[in-house]
Amino acid sequence: MKETMEDSVVTQAERIAGDFLLEQVKTSYQIIGKGFVNQVCVVETVSHKVVVRMNDSGTYPSYVKEKWCIEQAAAFGIPGPEVLSIGIVDETAYMIQSFIDGDNGLDSTVLKSDVWRQLGKYAKLIHSIQVKGYGENLIDPVNGEFHSPSHAGSDGSWLGYVQYNINSLTEYDRLIELGVITQMKSQRVRKLFENLKKETFRFGLIHGDFSLKNTIVNHTGQVILLDWGNAEVKTVPHGDIINLMQCQILDGDPTIEELKAFLDGYGISVEDLADMRHLLLLRAFDNLRWAIDRSPDQIESYAAIAKQVVGMIDLTNY
């Protein structure tokens with residue numbers, strides 16, 4: 001009988017877990033849904049129950065980063081799964097984690113705004129973890145140093161990122177053609193971005209993907225944080241908060257109430273969001289330019305976000 005795709009994923013997870021735990025596998029199943037990029041399976045032996053996450057071997061550095069982040073966060077009192085092992089076998093990168101009992105945050109009966117408030121508290125702790133550098137690649141786990149790969153027009157630094165987005169505001173800009181900005185607004189956005197270069201920001205670790213799906217709420221109501229694949233060193237607290245503002249624009253999740261709860265947990269007022277909109281605009285333009293270069297099927301949705309963010313900012317002062 002031909003093995004289905006799902007069977008082969010489970011078989012591989014069983015082999016990886018069995019080799020690590022040195023025990024016979026009792027049961028196993030694949031977790032489908034919840035938006036995982038990885039293939040995720042639960043494997044149980046007589047004395048262990050683990051989660052095996054798998055992806056192609058190129059994602060191994062991301063697993064190194066996740067393991068590092070989970071361990072740093074745990075030292076700051078943020079509950080997460082224990083990472084038992086990471087490695088590569090037959091072109092497959094894997095991460096074995098302890099299984100956590102509880103409900104996914106999306107399915108939990110705990111008030112969603114309470115989960116968001118707790119995530120706000122976690123975010124504040126995460127932003128105080130010692131890191132160096134800037135960007136999404138962890139290049140030196142011993143010293144917690146991150147790096148951003150350079151690309152055409154940017155050297156990968158924070159100032160390079162801002163300057164790239166200033167230089168892209170030309171009279172032949174696709175953003176004008178897409179109706180995101182007018183020629184006149186482009187000049188004003190340029191001034192706004194020039195001002196960002198003069199501001200002093202604090203850089204810190206951000207989780208990069210706060211959402212209910214990335215939590216498990218256990219029977220005591222404790223919120224356990226998952227999935228650090230999008231972690232990076234960015235401006236804090238802005239990095240995580242503008243992510244949430246962008247998600248809210250995109251699909252209304254988190255709701256306004258939930259975002260307030262997150263900010264409340266963090267200790268930031270809604271009024272503080274006004275200052276963050278300039279960075280949200282920078283992110284929205286940068287994402288749209290990335291889509292234009294790399295992912296044409298996402299241009300429309302990123303253009304819609306960028307258009308909305310332009311509408312949220314009073315450009316008359318620039």
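Tutor: Lys and Arg count as positive and Asp and Glu as negative, with His and the chain ends not counted, and a charge is placed at NZ of Lys, CZ of Arg, CG of Asp or CD of Glu. Areas are Shrake-Rupley with a 1.4 Å probe, and for residues only the protein chains shown count as cover. A salt bridge is a side-chain nitrogen of Lys or Arg within 4 Å of a carboxyl oxygen of Asp or Glu.

Student: Before we dig in, what kind of model is this, and how are residues numbered?

Tutor: This is a predicted model, where local features need pLDDT of at least 70 and side-chain atom pairs count only at pLDDT 80 or more, while totals for chains, interfaces and linings use all residues. Side-chain values use heavy atoms, with hydrogens and water left out, and residues are numbered from 1 along each chain as its sequence is written.

Student: Which residues form the negative surface patch?

Tutor: One of them, aspartate 272, sits in the loop between helix H8 (256-266) and helix H9 (273-294); helices (H or I, at least four residues) and strands (E, at least two) are DSSP runs numbered from the N terminus. Aspartate 272 is partly exposed because its relative accessibility is 33%, given that buried means under 20% relative accessible area, exposed over 50% and partly exposed in between (1.4 Å probe, protein chains only). The patch as a whole is Glu199, Glu271, Asp272 and Asp275.

Student: On to the rings. Why is the pair of tryptophan 158 and tyrosine 161 classed the way it is?

Tutor: Rings of Phe, Tyr and Trp (its six-membered ring) pair if their centres lie within 6.5 Å; planes under 30 degrees apart count as stacked, over 60 as edge-to-face and the rest as tilted. The structure holds ten aromatic pairs. In this one the centres are 5.6 Å apart and the planes meet at 40°, so the class is tilted.

Student: How far apart along the helix are tryptophan 158 and tyrosine 161?

Tutor: Tryptophan 158 is buried at 10% relative accessible area, and tyrosine 161 is buried at 13%. Both belong to helix H4 (residues 158-167), and because they are three residues apart, the separation is about one helical turn.

Student: What class of pair do tryptophan 158 and phenylalanine 203 form?

Tutor: This pair links distant parts of the chain, with tryptophan 158 in helix H4 and phenylalanine 203 in strand E10 (residues 202-206), 45 residues apart. Phenylalanine 203 is partly exposed, at 30%. With 5.9 Å centre to centre and 70° between the planes, the pair is edge-to-face.

Student: Now charges: which residues are linked with Arg53 in a network of salt bridges?

Tutor: The whole structure has eleven salt bridges. Arginine 53 bridges to aspartate 227, with the closest N and O atoms 3.6 Å apart, and both residues are buried. The network links Arg53 with Glu66 and Asp227.

Student: How close do the N and O atoms of arginine 289 and aspartate 173 come?

Tutor: Arginine 289 is buried at 6%, and aspartate 173 is buried at 5%. They form a salt bridge, and the closest N and O atoms are 2.8 Å apart.

Student: Where is the cis peptide bond with omega of about 10°?

Tutor: Valine 236 and proline 237 are joined by a cis bond too, with omega about 5°. For the one you want, the proline lies in the loop between H7 and H8. That bond joins aspartate 253 and proline 254.

Student: Last one: what is the phi of glutamate 91?

Tutor: Most residues other than glycine have a negative phi, and most peptide bonds are trans. Aspartate 90 has a positive phi of about 45° and counts as exposed at 56%. Glutamate 91, in the loop between E4 and E5, is exposed at 61%. Its phi is also positive, about 65°.

Definitions and conventions. Patches are made of residues with over 30% relative accessible area and no salt bridge: like charges are joined within 9 Å, nonpolar side chains (Val, Leu, Ile, Met, Phe, Trp, Tyr) within 5 Å.
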